[in-house]
Amino acid sequence: MEANRKDLTAEEIAALRSSKVAIEKKAKPWVVKEPPKELNEDNVIYWSTTYQKLMGLGDRPIATKAHRFLKEKCVKYNPDKKAFEVKPIKGYNKTTYTVKPTNDEIGFKCNCQYHTKTKKVCSHILAVRLSLKIKNWNKKNE
Ligand SMILES: [Zn+2]
């Protein structure tokens with residue numbers, strides 16, 4: 001007797017179809033996002049709680065500007081002054097701001113108008129924090 005598809009019963013066809021569907025629908029395993037070995041100017045924002053907090057508070061311009069300071073390598077440590085210098089973003093302004101370490105909760109103070117007035121984390125302090133995070137993170141994973 002010749003066996004072909006026509007010999008299959010309706011139930012057998014249905015069973016074949018459902019098993020194929022089941023294989024196709026098989027859930028993909030969870031992709032667990034592991035911390036990266038190396039932090040850089042782009043992925044540091046996902047691992048910085050300060051950055052996340054500022055974004056949550058709606059301080060998006062500060063977070064965005066800090067990110068640009070990093071991308072354009074504006075943050076430099078000046079050992080003579082024992083302070084960080086945040087150079088201006090090209091075409092944005094011309095002032096270099098000084099960020100000095102402090103013992104308060106923020107950990108730094110900046111001589112820009114925003115920080116002087118509000119005592120909050122400004123884009124310069126955030127840029128320094130992010131650059132330190134990159135440096136320490138990569139040192140730990142060397
Ligand atoms: Zn500042």
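Which residues in α3 meet Arg-60, Ile-62 and Ala-63 in α4? Let's start there, and keep in mind that this is a predicted model.

So, the α3 side of that contact is Tyr-51, Leu-54 and Met-55. By class, the residues where α3 and α4 touch split into five nonpolar, no polar and one charged. As for the geometry, the axes of α3 and α4, the latter being residues 60–71, come within 7 Å and cross at roughly 145°.

Now, α3 has another contact to show you. Helix α3 covers residues 49–56, and its axis comes within 9 Å of the axis of α6, residues 123–140, with a crossing of roughly 145°. Here Thr-50, Tyr-51 and Leu-54 are on the α3 side, and they meet Leu-126, Arg-129 and Leu-130 in α6. That contact has four nonpolar residues, one polar and one charged.

OK, on to the sheet. We have four strands in an open sheet, ordered β1-β2-β3-β4, with antiparallel pairing. The edges are β1, at 75–78, and β4, at 108–110; each has a single partner strand, so one side of each has no neighbour in the sheet. From one strand to the next, the twist averages 25°. If you zoom in on β1 and β2, residues 83–86, you'll find an antiparallel pairing over four bridges.

Last stop, Gln-113, which sits in helix α5, residues 113–118. Is Gln-113 buried or exposed? Exposed, because Gln-113 has 11 other C-beta atoms within 10 Å, and the cut-off for exposed is 12 or fewer. Its C-alpha is 10.0 Å from that of Tyr-97, 16 residues apart along the chain.

How values were computed:
Residues numbered from 1 in each chain as written. Predicted model: local features only at pLDDT ≥ 70, side-chain atom pairs only at ≥ 80, totals over all residues. Axes fitted to C-alpha atoms, helices over the stretch in contact; angles between N-to-C directions. Helix = DSSP H or I, 4+ residues; strand = E, 2+ residues; numbered from the N terminus. Contact = placed C-beta atoms within 7 Å. Nonpolar A, V, L, I, M, F, W, Y, C, P; charged D, E, K, R; others polar. Buried ≥ 20, exposed ≤ 12 C-beta atoms within 10 Å, placed from the backbone. Pairing = 2+ DSSP bridges.
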